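Please look at the ligand and at the protein around it. The paragraphs below start with a loop, then turn to the ligand and its pocket.

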Amino acid sequence: MRVAVYPGSFDPVTNGHIDIIEKSSRLFDRIIIAVVHNVTKKALFTLDERVAFIRESTQHLENIEVDCFSGLLANYLREKKACAIVRGLRSMTDFEYEMHMAMMNKRLIPEVDTIFIMANAEHVFVSSSGVKEAALLGGDVSSLVPPQVKIGLEQKYKQLRG
Ligand code: ADP
């Protein structure tokens with residue numbers, strides 16, 4: 001059984017992430033989408049909300065598990081007996097950052113490789129932060145995120161505005 005872990009903040013999950021999940025689910029027996037609990041990074045959505053969005057938007061895929069983790073990715077990979085880390089690439093800026101992370105992870109857990117999947121052309125400019133900014137300013141994000149996330153963004157900003 002070839003298990004890969006796709007770690008990320010997913011705050012919130014976008015159509016770009018979903019595309020990477022669909023592609024990787026065809027390459028591996030099982031994909032664990034691991035939502036990172038990062039205490040130093042302020043997230044808009046709670047861990048539970050982020051996990052729920054991913055679960056709702058990946059119901060059409062059978063070999064997906066959604067989980068959360070904190071701490072060292074290498075330890076989590078060992079615990080899950082994963083053979084690969086999946087990451088998405090949109091640009092050279094992503095590449096620079098991702099290459100360093102991949103090299104660091106290779107040092108920490110040599111038996112696991114990082115597999116990069118290219119973003120589809122229509123998702124190259126899609127990012128969680130861009131989507132949040134557009135939604136905050138009242139922009140229509142329906143072509144950028146799954147429908148549940150669009151609703152979630154509207155509700156969250158309504159709550160925050162009081
Ligand atoms: P992180 O904080 O770990 O970068 P993100 O949720 O922003 O978490 O991204 C997780 C992974 O998904 C990263 O490898 C990122 O490059 C990739 N990714 C983000 N948006 C897209 C997109 N639109 N298309 C393809 N890959 C993407």
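Helices (H or I, at least four residues) and strands (E, at least two) are DSSP runs, numbered from the N terminus. Phe10 is in the loop between E1 and H1, and this residue has a positive phi of about 50° although it is not a glycine. Pro12 is placed in the loop between E1 and H1 as well, and the peptide bond from Asp11 to Pro12 is cis, with omega near 0°.

This is a predicted model, in which local features need pLDDT of at least 70 and side-chain atom pairs count only at pLDDT 80 or more, while totals for chains, interfaces and linings use all residues. Residues are numbered from 1 along each chain as its sequence is written, and side-chain values use heavy atoms, with hydrogens and water left out.

A polar backbone atom of Phe10 is 2.9 Å from an oxygen atom of the ligand. For Gly88, a backbone N or O atom lies 2.7 Å from a ligand oxygen atom, and for Glu98 a polar side-chain atom lies 3.2 Å from an oxygen atom of the ligand. The protein covers 89% of the 550 Å² of accessible area that the ligand has on its own (Shrake-Rupley method with a 1.4 Å probe; for residues, only the protein chains shown count as cover).

The space taken by the ligand is the largest pocket. On a 1 Å grid over the protein atoms alone, a pocket is an open set of points where a 1.4 Å probe fits, with protein on both sides within 12 Å along at least five of seven lines, and lining residues have an atom within 4 Å of a point. A molecule sits in a pocket if more than half of its atoms lie within 2 Å of its grid points. H4 gives the most to the lining of the largest pocket, with eight residues.

Technical notes: Polar contact = N/O pair within 3.5 Å; in protein donor to acceptor, adjacent residues only side chain to side chain.
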